[in-house]
Amino acid sequence: MAPRYRVVMVRHGESEWNLQNLFCGWYDAKLSDIGREEAYASAKMLQEAGLEFDVCHTSLLSRANDTLDVILREIGQPNLPVYKSWRLNERHYGALTGFNKLQTAQKYGAEQVQIWRRSYDIPPPPIEEDHKYYSAIVNNPKFTQELSKDEIPRTESLKTTLQRVIPYWEDVIAPQIRQGKRVLIVTHGTSLRGLVKHVQQMSDEVIVKLNLPNAIPFYYDLDENLQTVGPLRFLADEETVRREMEKVASIGK
Ligand SMILES: O=C(O)[C@H](O)COP(=O)(O)O
């Protein structure tokens, strides 16, 4: 089938918690200085590829929102409609939120941390009410505007993240693409892996091996039925993508 549409996706730039190597999930960490620079670099890659957009989607979390803001300003499209949804939030890291990934691996073993980070359907233990970051998450006004406290997850696996990401793709994003809108999605590692799995119809075994680098835009060409035409394509050379993916994969080892 011939390509008819293109959808572009970007994982946010490095956050302050990425920098400190902390499990972040629904905690609203800000972009680090490097992350902000990465957002500028990301905009440059989009510009050099000649990509422009009609509509954007992001999560309720600052690191993704701020990456998108920088990109839109830098590509000269600051006034595009921006849709924000909790459904695009990062997966909730449960009780691991705020803990250092390397120290957690030293305590529980690298294999266990890898299961929590990358297994398809094994979530980390749920966050409890006495957890240091419980209150900051369940009382975040950005979330409570859309969700009751009981609807805010206590932990999520890739599988349960997918269950909230897919309806957003099907009900909101896909209809816009079918209308011919050029869509940009700026969000998080695991919510993007959910979208990639769904759009590319990847198996559970293949998706768990995918590590998306920060702030390197990638896109899919889609046919009229929104089936992918060709693979996911990054806007950076193969060596850079390989190195950045490896960096994400090896966190906590
Ligand atoms: O929430 C986080 O800690 C990161 O954004 C994603 O981390 P991961 O690559 O360890 O899943």
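Helices (H or I, at least four residues) and strands (E, at least two) are DSSP runs, numbered from the N terminus. The structure is a predicted model, in which local features need pLDDT of at least 70 and side-chain atom pairs count only at pLDDT 80 or more, while totals for chains, interfaces and linings use all residues. Residues are numbered from 1 along each chain as its sequence is written.

His12 lies in the loop that joins strand E1 (5–11) to helix H1 (16–19). An unreviewed UniProt entry lists His12 and Glu90 under "active site"; its positions are given in the numbering used here, feature names are shortened, and annotations may be inferred rather than shown by experiment. The two residues are spread over 79 residues of sequence, yet they cluster in space, with a largest C-alpha distance of 10.5 Å.

Ala, Val, Leu, Ile, Met, Phe, Trp, Tyr, Cys and Pro count as nonpolar, Asp, Glu, Lys and Arg as charged, and the others, Gly among them, as polar.

The packing of helices comes next. Two packed helices are described by the angle between their axes and the distance between the axes. The axes are lines fitted to C-alpha atoms, for helices over the stretch in contact, and angles run from 0 to 180 degrees between N-to-C directions.

Helix H2 (residues 33–48) and helix H3 (residues 62–74) have axes that come within 8 Å and cross at roughly 45°. The two are therefore oblique to each other; angles under 35 degrees count as roughly parallel, over 145 as roughly antiparallel, 65 to 115 as roughly perpendicular and the rest as oblique. On the H2 side the contact is made by Gly35, Arg36, Ala39, Tyr40, Ser42, Ala43 and Leu46, and on the H3 side by Arg63, Thr67, Val70, Ile71 and Glu74. Residues are in contact if their C-beta atoms, placed from the backbone, lie within 7 Å. The contact of H2 with H3 comprises six nonpolar, three polar and three charged residues.

Helix H4 (residues 101–108) packs against helix H5 (residues 110–118) at an angle of about 125°, with the axes 6 Å apart. This makes H4 oblique to H5.

For helix H8 (residues 158–178) and helix H9 (residues 189–200), the axes come within 9 Å and cross at roughly 65°. H8 and H9 are therefore roughly perpendicular to each other.

Methods: Contact = placed C-beta atoms within 7 Å.
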